[in-house]
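Thanks for coming. I will go through one structure this morning and keep to what can be read off the coordinates.

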Amino acid sequence: MGALVSVVIPVYNVEKYVSDCLNSVTAQTLKDIEIICINDCSTDDSRSVVKSFSDRDSRISLYDNEKNLGLATTRNRGISLAKGKYIYFLDSDDMIEPSALEELYNAAERDSLDAAVFAARFIYEDESMKQQFGTNPAAFRGDYHSILSGKELYKKWMEHWDWMPSQPRFFYRLDFLLKNKIRFIDWMLHEDETFTFDVLMNAEKIRILKEEYFIRRFRASSIMSSVPTMRNVEGCMKILSHVGSFNTDDEKLKKAIGFYKYKIFSDVTRKFKAVRDSGQDVSYTSLAAADDMKDLYDKIKAAADKSCELFACSSYYQVLVTLMIAMTKKIRVDIVLEVHGVETAENLAERLMECLPDTVGYAYVMPDSPEVDPYIQRETAADEKLSELLVQHVDGVMRQKVMRYDRINVFWDLGYLGTYLNIKGIPYTLHEDSLNSYQHIRENRPNYRYIFNDEERIAHKGVVPFGYSPYCEEVHVNEIAGVQVIDGTADSAVTKTGKQTKSDGETVEIRSVLDKLVEEPRQEMMHALSKEDKKIIFDIFLPKDFKAERVDLLILTEPFAVTGRLPSEEAQIKLYKDLIENYADRRVVIKAHPRDTLDYEKLFPEVAVIEKTIPMEVMNFDTNFHADRAITVASSAIYGLEQVDEKIYLGADYLEKYK
């Protein structure tokens, strides 16, 4: 009769680490195990180290491959050799906790599991490895308390992007793998991806365990930390081909698989680009892939030929601008949607990747942090505790280094990602939030007026917004004149340079904002979009049953009660009631600000309301929309509307009578 658990350990050039690995396995509290070590033609002393262990412990069997076969094929050989009821794959430079196999065996037996998945902790060979990989989360973001089928777990994992294909975090019943003919694809890198996918598509019972049984070592020479090659690219291509061949009538599962394919495509594009930038051969003939991969290869190459940039958006308008930039400049973008400004972020992220697979590689959703308020982050960079919490929050969502991108773009220095970049000292480009915001900062943002005073700004210890940060390299504005001249006179505050002393005592130069300016007229970008691009954008933001029409008065609101610029919701209601009475003749439409909390449909039942999740400027794409007049107290969105005869901007002073 076989052992209770077979532990399969491929061994290749790990003489420095394999002793730690084998010590962790032989010390298991579960003694009835077999340890299958397969030497994959190591050129160092790894085999001798394993042999010395096998001479002392009869549970260890040492096998030799006749030629180097790679991790995938070697693991397959381990499956064929295994005699245990359960099987566990461990890499020869990693370790497991002493009670791991016993507790996993007991859990699998108790619940009749096909597989169990568990957490990990990390150790680092040196400080550089910790800096590179130290923010990788070891725990799942979602909650998984019950036993699930593999397909249900897969759908949940895609929902939270908790995808975890690493085999040393799985524990399998061997006859489950054999019955479903689940194997690694021979000689493939990223072999864990397809294997895990097959496991989840076939498993009837899987449980997630919170215990950190696996100890992952990060080292400079490992496969995961080395420079990509075309074998990495080919591996990702095989993942896309393998996953794409799976058929299902389950619409939610189909959607989850589509999401996964978008993520892998984005990843392989980055890998292809890294291979090309390192000077390696990227010609198609260097691939071992079949001819039916040619179309996929061409798509990857075309995507890699585009610049890949990251955009952080905290409003629907900013998403609109990001899409216009991506489409007109022919670049590929990843987007971070910050929930505090994008209420329907989850749904919008899915629609962006679904409707624009060649433009949007991946859309992250940045939920609000209970510890760090995105509206009071001015001092965050100077507060060590807040700083650490914000960095953890951003790292936990991004799951990759932002430095991978050709450019990092923010519309608001004080959003989560903007503050993160300033804390980390990472260069970024700022895009003016609204069409002419610099002309109205003094008037409408009294809490930020300190930036117009040289001494106050330079002495400031936190993040300096609106492009004054020393880490902001460029400021893209709708018109340079809006920054050069404020209130009709040259603005000395934006023309002077100075020094800023950070909380750690470091002194950094502050460049003049004027030196950073790049004029990027939004209206010109809008007009440069093709008819097809406009329709795609329109369909992303507007519901299918939306019908545009001609209106007498369009009111653009601002969340004055939420931001404290008015003392109460009652004062804000009175303001908009007066606007309707004083300016409306016939058909009135209210477009609420995304962060506005008032229910205008209930307050003004005679008034039509445009959903606040729609950026108002997208109405320019529908020729049926027209307003005789548009009015606002402080929304700069009014300047981006083209099909409006008269625009009335009342300004911040108008609020005084309602305070």
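**Sheet, cores and helix pairs**

Strand β6, residues 115-124, and strand β8, residues 206-218, run parallel and are joined by 10 bridges. Before going further: this is a predicted model. Within that pair of strands, Ile-123 has Arg-217 of β8 as its bridge partner.

Now the sheet that these strands belong to. What is the strand order in the open sheet of 8 strands? The order reads β3-β2-β1-β4-β7-β6-β8-β5, and the pairing is mixed. At the edges sit β3, residues 60-64, and β5, residues 95-96, each of which pairs on one side only.

Two helices to mention here. Helix α4, residues 100-111, lies across β1, β2, β4, β5, β6, β7 and β8, and runs at about 160° to β8. Helix α6, residues 150-160, also packs on the sheet, where it touches β6, β7 and β8. The direction of α6 makes about 60° with that of β8.

Next, a few loop residues. Asp-93 is in the loop between β4 and β5. Is Asp-93 buried or exposed? Its relative accessible area is 7%, and the cut-off for buried is under 20%, so Asp-93 counts as buried. The C-alpha atom of Asp-93 is separated by 9.4 Å from that of Leu-22, and the two residues are 71 residues apart along the chain.

Then backbone angles. Most residues other than glycine have a negative phi. Ser-112 has a positive value, near 50°. This serine lies in the loop between α4 and β6, and is partly exposed, with a relative accessible area of 47%. Trp-187 is not a glycine either, and its phi is positive at about 60°. Trp-187 is found in the loop between α7, residues 174-179, and α8, residues 191-202. With 39% relative accessibility, Trp-187 is partly exposed.

On to the cores. Which residues touch the most other members of the largest nonpolar core? They are Tyr-154, Trp-157, Leu-323, Leu-417, Ile-537 and Phe-541, in a core of 151 residues. Leaving out residues up to four places away in sequence, Phe-541 touches Tyr-316, Val-319, Leu-320, Leu-323, Leu-348, Thr-613, Ile-614, Pro-615 and Val-618. Another core, of 37 residues, lies apart from that one, and includes Leu-104, Leu-113, Ala-116 and Leu-209.

The crossing of α13 past α22 is right-handed. From α13, the contact involves Leu-348, Arg-351, Leu-352 and Cys-355. From α22, the residues are Ile-536, Asp-539, Ile-540 and Phe-541.

The other pair is α14, residues 384-398, and α15, residues 416-424, with axes 10 Å apart and an angle of about 120°. These two helices are therefore oblique to each other. Their crossing is left-handed. On the α14 side we have Ser-387, Leu-390, Val-391, His-393, Val-394 and Asp-395. They meet Tyr-416, Leu-417, Thr-419, Tyr-420, Ile-423 and Lys-424 in α15.

That is what I have.

Technical notes:
Residues are numbered from 1 along each chain as its sequence is written. This is a predicted model: local features need pLDDT of at least 70, side-chain atom pairs count only at pLDDT 80 or more; totals for chains, interfaces and linings use all residues. Side-chain values use heavy atoms; hydrogens and water are left out. Two strands pair if DSSP finds at least two bridges between them. Helices (H or I, at least four residues) and strands (E, at least two) are DSSP runs, numbered from the N terminus. Contact means heavy atoms within 4.5 Å. Axes are lines fitted to C-alpha atoms, for helices over the stretch in contact, and angles run from 0 to 180 degrees between N-to-C directions. Buried means under 20% relative accessible area, exposed over 50%, partly exposed in between (1.4 Å probe, protein chains only). A nonpolar core is a set of buried Ala, Val, Leu, Ile, Met, Phe, Trp, Tyr and Cys residues joined through side-chain atoms within 4.5 Å. A crossing is left-handed if the near helix is turned anticlockwise from the far one by less than a right angle, and right-handed if clockwise. Angles under 35 degrees count as roughly parallel, over 145 as roughly antiparallel, 65 to 115 as roughly perpendicular and the rest as oblique.
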